[in-house]
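Here is a colleague's note, in numbered points, for reading beside the model.

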Amino acid sequence: MAFNYPNGQSFDNRSFKQPRVSQGGSQSNRGMSLEADINAANNYYLATGQAVIHKKPTPIQIVNVSYPARSAAKITEAYFRQASTTDYNGIYKGYYIDFDAKETTHKRSFPLNNIHDHQVEHLKSIVTQHGLAFMIIRFSVLKETYVVWADLIFQYWDNKETGRKSIPYEVVVKSGELIAQGINPTTPYLTAVDKLLARREQKGDNLV
């Protein structure tokens with residue numbers, strides 16, 4: 001099936017069907033295991049009444065549909081209506097939360113080219129409205145996953161033309177919160193969010 005961006009460029013539907021793993025500094029931004037872990041955690045949080053968080057659908061415009069059989073319809077061409085923002089949003093403890101999930105094979109840094117301008121602008125708009133904006137970063141080789149506030153991303157993003165084009169691993173470790181491996185769910189990221197909130201409260205900082 002052919003998908004096309006609004007500018008007319010084609011999109012490989014094979015990569016559309018399969019979540020992607022970031023190869024070093026590539027533009028691919030999600031790994032199948034990380035996305036699956038977060039989805040499972042969200043299902044658990046919903047079932048236990050802790051939070052309502054869902055993966056955002058990507059809106060598409062259907063252009064052509066074929067009917068190989070009377071009872072079957074097949075989409076043969078479609079366009080993305082707009083660039084996607086972040087992967088997830090929802091409500092947790094009265095807070096609106098909005099975040100993205102990224103995975104990298106780098107061991108010593110998180111490359112900024114895994115992020116896009118429109119995603120940063122979207123997260124900034126969430127911060128402006130006092131929502132909880134963050135990013136979940138998995139260092140797949142190290143088998144470590146962290147939650148970091150979006151303002152850490154902003155610090156490096158806004159200076160990437162003249163400064164570093166990646167966030168050092170040590171900075172992610174210091175500023176973020178490690179998601180401890182669990183059983184159900186295996187990736188209890190809201191526990192890490194709670195710890196970040198507690199750290200912010202101890203500092204007396206306002207919520208981003």
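**Notes on the predicted model**

1. Y44 is partly exposed, with a relative accessible area of 26%. (Buried means under 20% relative accessible area, exposed over 50%, and partly exposed in between, with a 1.4 Å probe and protein chains only.) The two rings form an edge-to-face aromatic pair, 6.1 Å centre to centre, with 65° between the planes.

2. A word on the source. This is a predicted model: local features need pLDDT of at least 70, side-chain atom pairs count only at pLDDT 80 or more, and totals for chains, interfaces and linings use all residues. Residues are numbered from 1 along each chain as its sequence is written, and side-chain values use heavy atoms, with hydrogens and water left out.

3. How many aromatic pairs does a search of the whole structure find? It finds nine. (Rings of Phe, Tyr and Trp, the last by its six-membered ring, pair if their centres lie within 6.5 Å; planes under 30 degrees apart count as stacked, over 60 as edge-to-face and the rest as tilted.) Y44, Y45, Y88, F99, F134, W149 and Y189 form one aromatic cluster. F139 and Y146 also form an edge-to-face pair, at 6.3 Å between centres and 75° between planes. Both F139 and Y146 are buried.

4. Two lysines sit over rings. (The cut-offs: NZ of Lys or CZ of Arg within 6 Å of the ring centre and within 35 degrees of the ring normal.) K124 lies over the face of F154, at 5.6 Å from the ring centre. The charged end of K160 is over the ring of W157, 4.5 Å from its centre.

5. K124 also has a charged partner. D158 forms a salt bridge with K124, and their closest N and O atoms are 2.9 Å apart. (A salt bridge is a side-chain nitrogen of Lys or Arg within 4 Å of a carboxyl oxygen of Asp or Glu.) The pair links distant parts of the chain, 34 residues apart: D158 is in the loop between α4 and β11 (166-168), K124 in helix α3 (residues 117-128). (Helices, H or I of at least four residues, and strands, E of at least two, are DSSP runs numbered from the N terminus.) Both partners are partly exposed: D158 has a relative accessible area of 48%, and K124 has 24%.

6. The whole structure has nine salt bridges by this search. Two others involve helix α6. D151 and R200 meet at 3.6 Å, N to O. D151 is in helix α4 and R200 in helix α6, 49 residues apart. D151 counts as partly exposed at 25% relative accessibility, whereas R200 is buried at 6%. E177 pairs with R199, with the closest N and O atoms 2.9 Å apart. E177 lies in strand β12 (residues 177-178) and R199 in helix α6, so this bridge ties together parts 22 residues apart in sequence. Here E177 is buried, at 16%, and R199 is partly exposed, at 29%.

7. Which residues lie nearest the centre of the second largest pocket? They are W149, S175, R199, R200 and K203, out of eleven lining residues. (A pocket is an open set of points on a 1 Å grid over the protein atoms alone, where a 1.4 Å probe fits, with protein on both sides within 12 Å along at least five of seven lines; lining residues have an atom within 4 Å of a point.) The largest share of the lining, four residues, comes from α6. By class, the lining has three nonpolar, two polar and six charged residues. (Ala, Val, Leu, Ile, Met, Phe, Trp, Tyr, Cys and Pro count as nonpolar, Asp, Glu, Lys and Arg as charged, and the others, Gly among them, as polar.)

8. L197 also lies in helix α6. L197 counts as buried, at 13% relative accessibility.

9. Most residues other than glycine have a negative phi, and most peptide bonds are trans. A cis peptide bond joins N184 and P185, with omega about 5°. P185 is in the loop between β12 and α6. K93 has a positive phi near 55° and is exposed, at 56%. H130 has a positive phi of about 65° and is exposed, at 59%.
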